[in-house]
Every structure is written in structure tokens, then in C-alpha cells.
Amino acid sequence: MSTPRARLAILASGGGSNLQSILDHLRNLGTASPAEVAVVISDRFAAGALDRARAAGILAVHLPTSESHTLAALLEAQDVTHIALAGYLRLIPAEVITAFAGRIVNVHPSLLPAFGGPGMYGRHVHEAVLRAGIRVSGPTVHFVDTRYDEGAIIAQRPVPVQADDTPATLAARVLAAEHQLYPRIVAALCAGRITLAADGTVRGAEEFTSEQAIPGAPPVP
Ligand code: GRF
């Protein structure tokens with residue numbers, strides 16, 4: 001008997017390019033896709049992510065509150081098994097974190113633990129990276145816990161910082177790496193290949209942490 005597909009909820013506050021990359025990747029996997037996107041949830045009514053969900057024929061829900069019972073009830077009603085945060089700016093209620101332990105992930109546009117935490121989102125991250133003068137940045141995919149950007153790290157990709165970078169040019173380069181890394185990790189998580197052990201250790205992410213290009217993905221520009 002084949003394993004049932006995971007039912008994925010994607011939470012996004014912004015334009016939703018990471019959401020789109022997940023939708024595209026799962027569609028490209030076709031019948032081999034380990035997941036279907038059951039619902040896209042945004043705290044912002046005008047989020048581009050909601051438009052992208054509607055365009056793909058996926059349930060799009062504006063949830064202006066992060067009250068735990070509201071979010072938890074929606075996830076339960078949609079039989080959600082896994083959650084991917086994709087530019088979602090609110091903290092996830094502890095009740096939801098507990099219910100989805102090891103099945104909720106996020107992508108952050110810096111090499112955590114550097115340049116993470118409260119207030120470190122969007123262009124603020126890349127401005128801080130440029131101010132610090134570091135030479136390498138890149139995305140981090142991590143499990144989510146009750147604090148911003150502190151869950152166990154699953155994988156990171158180095159992206160060079162160039163001398164003439166602005167926050168916008170650096171953000172674009174890091175975002176391109178996010179689009180390669182994140183959908184593949186979400187798929188591996190939904191397939192049960194990546195797990196979070198009780199001691200906080202991440203298992204099964206080796207293929208994403210090697211020096212080699214991600215299987216099936218073009219090299220980071
Ligand atoms: C990405 O840079 C992601 O790392 C961060 O928020 C941004 C979302 O971009 N968490 P998008 O809405 O997916 O285009």
C-alpha cells in the first residue's frame with residue numbers, strides 16, 4: 001500500500017515567491033509528489049501569496065489573528081499534516097508548534113544563527129549583513145519552535161556577498177537560493193526522509209548539506 005500524501009499548509013505574509021516555488025516543485029514531481037498543498041494562510045488580506053494560491057486553485061484563507069485556537073482549528077479542519085512557513089511574520093502559537101513538532105519548517109534569508117530573531121526579516125536582514133561586511137550569506141531552512149529563527153537547522157546554502165551589493169541585489173541572490181533549497185526540503189520532510197529526533201538532532205538532511213549542488217537543482221548563481 002502506498003503512503004498517503006502529506007497535506008501541507010503554507011503560511012505566508014508577503015508576495016509568496018517561496019510558496020510558488022513549492023507549488024511548482026510539487027507539480028513537477030507529478031504522481032511522485034509526497035504532498036499536496038491543502039491550504040495557504042496569510043495574516044495579510046492583500047498578500048500576493050493568497051493570489052498565487054487562488055490562481056493555483058488552492059484554498060486561500062486570510063487569518064488576521066494568530067490566536068492559537070483559530071489557526072489550530074483551521075489546520076485540523078483541513079487535515080493538515082505538515083506546515084511550511086514562507087515569509088510568515090507572526091510567531092506560531094505554542095499549541096500549534098507542539099501539535100506539529102518535527103513537521104513545521106521555515107526558511108530564513110541569512111545563515112542562522114546570525115542575523116535572525118525579532119525584527120530580522122525582509123530587507124532588514126540584508127541591510128544588517130551588508131553593514132557587518134561579511135562575505136557570505138545565504139538561506140537557512142530550519143524546524144520551527146516557539147522563538148523566532150531558533151529551531152534546529154536543517155540546511156543552509158552559501159551565497160556570496162558582492163562588493164557592490166545593495167540590500168535588494170543581495171536579497172534577490174539569496175531568494176534564488178531559497179527557491180532551490182526550500183521546496184526540495186519541504187518535499188523531503190513530507191516524504192518522511194527528514195526527521196527531528198527527540199534529542200533535537202536533524203536526520204536525513206545530508207543530501208542538502210553537502211558541497212555538491214542539490215540533486216536536480218541548478219547551481220546557486
Ligand atoms: C524570504 O526571503 C524568506 O526567506 C523570508 O521572507 C521572504 C519571503 O519572500 N522568510 P516571498 O514572500 O516568499 O517572496
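Helix α1 (residues 17-29) packs against helix α6 (residues 167-190) at an angle of about 50°, their axes lying 9 Å apart; helices are DSSP runs (H or I, at least four residues), numbered from the N terminus. Axes are lines fitted to C-alpha atoms over the stretch in contact, and angles run from 0 to 180 degrees between N-to-C directions. The pair is therefore oblique, the class left over once angles under 35 degrees count as roughly parallel, over 145 as roughly antiparallel and 65 to 115 as roughly perpendicular. The model is predicted, with local features needing pLDDT of at least 70 and side-chain atom pairs counting only at pLDDT 80 or more, while totals for chains, interfaces and linings use all residues. Residues are numbered from 1 along each chain as its sequence is written, and side-chain values use heavy atoms, leaving out hydrogens and water.

On the α1 side, the contact with α6 (heavy atoms within 4.5 Å) includes Ser17, Asn18 and Leu29, and on the α6 side Leu175 and Glu178 are among the residues involved.

Some of these names return around the ligand, whose surroundings (a heavy atom within 4 Å) include Ser17, Asn18, Leu175 and Glu178. Polar contacts are pairs of N or O atoms within 3.5 Å. A polar side-chain atom of Ser17 lies 2.5 Å from a ligand oxygen atom, a polar backbone atom of Asn18 is 2.8 Å from a ligand oxygen, and a side-chain N or O atom of Glu178 is 2.7 Å from one.

Helix α1 also packs with helix α2 (residues 48-55), at about 25° and with axes 9 Å apart; these two are therefore roughly parallel. Here Ser17, Leu19, Gln20 and Leu23 of α1 meet Ala49, Arg52 and Ala53 of α2.

Technical notes: A polar contact is a pair of N or O atoms within 3.5 Å; within protein, one must be able to donate a hydrogen and the other to accept it, and residues adjacent in sequence count only if both atoms are side-chain atoms.
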